[in-house]
Amino acid sequence: MKSIQATIALGCNPGYFHNNVYKCSDFYLDFQKITEEYAEQTGKYISFVVIPATVMYKKEWGCPESGENVFYLQAVMNPVFDKDIEEWKDRVISIVGYLKEKFQQTTVTITFTEADVVYLK
């Protein structure tokens, strides 16, 4: 089935020029709490695969030594449950914007790509 996938790199330390002081082990609990809080407020929920990662950029731009701790988020629209791609994209953008604010991030990039989905039951 034709569908769409979203990929996001979300930092867990506010701003730049930090030394990865946030305890990344807390991220999973915080992430789940924040997404459930958002769902309660809006009725909107997206399931994500959450993968720890490191982003490397220039140290003079604020990158910590050995890179910045981030989490790579992946979400795929399941066309069995969601029929409107644009509505799903809007929901992803809204939820990621909420996460951006809660984790005090300066910027977050979302990439949408086409995907072929096989849903096995």
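**Reading the fold and its pocket**

Guide: Begin with the pocket: β1 contributes four residues to the lining of the largest pocket, the most of any element. Bear in mind that this is a predicted model.

Visitor: Which elements give two or more residues to the lining of the largest pocket?

Guide: Those elements are β1 and β3. In total, 16 residues line the largest pocket, and Ala9, Val55, Glu68, Thr107 and Val108 lie nearest its centre. The space inside comes to about 280 Å³.

Visitor: How many nonpolar, polar and charged residues does the lining have?

Guide: Sorted by class, eight are nonpolar, seven are polar and one is charged.

Visitor: Now the fold. What pattern does the protein follow along the sequence?

Guide: Count the elements, then read them in sequence. There are two helices and four strands, and they come in the pattern β-α-β-β-α-β.

Visitor: What is the order of the strands in the sheet?

Guide: Order in a sheet is read from strand to neighbouring strand. Here the four strands form an open sheet, ordered β2-β3-β1-β4, and the pairing is antiparallel. The edges are β2 (49-55) and β4 (110-116); each has a single partner strand, so one side of each has no neighbour in the sheet. On average, neighbouring strands are turned by 25 degrees against each other, with direction ignored.

Visitor: How many bridges join β1 to β3?

Guide: Seven bridges connect β1 (residues 2-11) with β3 (residues 68-76), and the two strands run antiparallel.

Visitor: Which strands does each helix lie across?

Guide: Take the helices one at a time, noting the strands and then the angle. Helix α1 (residues 27-42) lies across β1, β2 and β3, and runs at about 130 degrees to β2. Helix α2 (residues 85-102) lies across β1, β3 and β4, and its angle to β1 is about 10 degrees.

Visitor: And side chains: how many aromatic pairs does the structure hold?

Guide: It holds eight aromatic pairs. For a pair of rings, read the distance between centres and the angle between planes. Tyr38 and Tyr98 are one of these pairs, with 4.9 Å centre to centre and 50 degrees between the planes, and the pair is tilted. This pair links distant parts of the chain, with Tyr38 in helix α1 and Tyr98 in helix α2, 60 residues apart.

Visitor: Last, what box do the C-alpha atoms fill?

Guide: Along the principal axes, the box is roughly 45 × 30 × 25 Å.

Definitions and conventions
Residues numbered from 1 in each chain as written. Predicted model: local features only at pLDDT ≥ 70, side-chain atom pairs only at ≥ 80, totals over all residues. Heavy atoms only, no water. Pairing = 2+ DSSP bridges. Axes fitted to C-alpha atoms, helices over the stretch in contact; angles between N-to-C directions. Contact = heavy atoms within 4.5 Å. 1 Å grid on protein atoms, 1.4 Å probe; cavity = no way out; pocket = protein on both sides within 12 Å on 5 of 7 lines; lining within 4 Å. Points joined across faces, edges and corners; volume = space filled by probe spheres on them. Nonpolar A, V, L, I, M, F, W, Y, C, P; charged D, E, K, R; others polar. Phe/Tyr/Trp six-rings, centres within 6.5 Å; stacked < 30°, edge-to-face > 60°.
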